[in-house]
Amino acid sequence: MKEIDFKGKVAVITGAASGMGLHAARQFARLGARVIMCDINEAALNEAAASVGEAAVPVQGDVRDFNYALSAAEAARSAGGADFLLNFAGGYEARCCNSPVPFYEQPVEVLDWGIDVNLKGPVYFSRAIMPQMVEKGAGVIILLGSVTGFEGDGMGAMYGTAKSGLFNFVKGLAIAGAPHGVRAVCVTPGPVLSRAAMNNMPTLMGRAAELDELVDVILFMCSDNASFITGSNHVVDGGRLCMYQKTYGL
Ligand SMILES: NC(=O)c1ccc[n+]([C@@H]2O[C@H](COP(=O)([O-])OP(=O)(O)OC[C@H]3O[C@@H](n4cnc5c(N)ncnc54)[C@H](O)[C@@H]3O)[C@@H](O)[C@H]2O)c1
């Protein structure tokens, strides 16, 4: 296994003000990369960027806005051109829009939020950033799926739908990128401790993942150690997707 070294590299990270996105920003900076940190929450983003230090370039905005993705691309170009794009911005609409009701009672704005943040966001950012990777003849795009993309969810129906859309989008990105040395990988978590409440979601291992247990996989996927991995979806869920068999004794 080659040692991971991102010196001189530029990573664009959405959802970088908290959770896995912030943890990834810290790790990419520690490994030598400049990090373009993108998030809608300005106060949290500025605090997060300050905690990452000199390597951080905060760019505030909403991933649902293509012009914002273009501003992030501009910041990446000024830093030398993007080598990595990590799409962490996302969320479960019933929680993020404070609308804990079934799909058939969700306001249409909540449905739009679920699809737009979780699916259009990664599409817009990939569209804006990927040309820099094609120019360089190298790059890696990471999409964040969710086990909900396999399981479905009655209150987060758009969350699950958008995440399963990413399972296909990763293939489109890989096919478009392969002739230019650009890889695309979807990493699909089960519960992760970016929130303590995730410990309540059952897994075969009886716990949620630590942030490192996801971010280390993403570091590996971005490194040359993963040079033959593209267009695929990698589930990191502590056996969550086996729970069906366990529950029904199949
Ligand atoms: N935490 C989990 O258990 C879990 C499980 C499966 C998948 N995931 C996925 O992993 C990713 C990261 O999860 P996390 O728990 O670390 O996230 P988080 O909730 O800690 O952080 C998400 C960040 O995205 C930002 N964001 C939200 N809407 C945005 C918008 N419109 N534009 C720009 N930024 C926006 C938020 O401000 C926040 O800082 C998400 O895509 C999530 O769906 C998480």
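In which hand, left or right, does helix 1 pass helix 8? I began with this pair, noting that the model is a predicted one.

**Entry 1: helix 1 and helix 8**

I found that the crossing of helix 1 past helix 8 is right-handed. I then looked up the geometry: helix 1, residues 19-30, packs with helix 8 at an angle of about 55°, and the two axes are 10 Å apart. That angle makes helix 1 oblique to helix 8.

I listed the residues that meet. Helix 1 contributes Met 20, His 23, Ala 24 and Gln 27. From helix 8 they meet Leu 211, Leu 214, Val 215, Ile 218 and Leu 219. By class, I recorded 7 nonpolar and 2 polar residues in this contact, and no charged residues.

**Entry 2: Asp 212**

I located Asp 212 in helix 8, which spans residues 211-222. Is Asp 212 buried, partly exposed or exposed? I counted 13 other C-beta atoms within 10 Å of Asp 212. A residue is exposed at 12 or fewer and buried at 20 or more, so Asp 212 is classed as partly exposed.

I also checked Asp 212 against Tyr 124. The two are 88 residues apart in sequence, and their C-alpha atoms are 27 Å apart in space.

**Entry 3: helix 5 and helix 7**

I turned next to helix 5 and helix 7, the latter covering residues 157-177. Their axes come within 8 Å and cross at roughly 15°. With that angle, helix 5 is roughly parallel to helix 7. I noted a right-handed crossing for helix 5 and helix 7.

On the helix 5 side, I recorded Leu 111, Gly 114, Ile 115, Asn 118, Leu 119, Pro 122, Val 123, Ser 126 and Met 130 in the contact. On the helix 7 side, the residues include Met 158, Tyr 159, Lys 163, Leu 166, Phe 169 and Leu 173. Sorted by class, this contact has 12 nonpolar, 6 polar and 1 charged residues.

Leaving aside residues up to four places away in sequence, Val 35 touches Ala 11, Ile 13, Ala 25, Phe 28, Ala 29, Val 52, Ala 55 and Ala 56.

Key
Residues numbered from 1 in each chain as written. Predicted model: local features only at pLDDT ≥ 70, side-chain atom pairs only at ≥ 80, totals over all residues. Contact = placed C-beta atoms within 7 Å. Axes fitted to C-alpha atoms, helices over the stretch in contact; angles between N-to-C directions. Helix = DSSP H or I, 4+ residues; strand = E, 2+ residues; numbered from the N terminus. Parallel < 35°, antiparallel > 145°, perpendicular 65-115°, else oblique. Left-handed = near helix turned anticlockwise from the far one by under 90°. Nonpolar A, V, L, I, M, F, W, Y, C, P; charged D, E, K, R; others polar.
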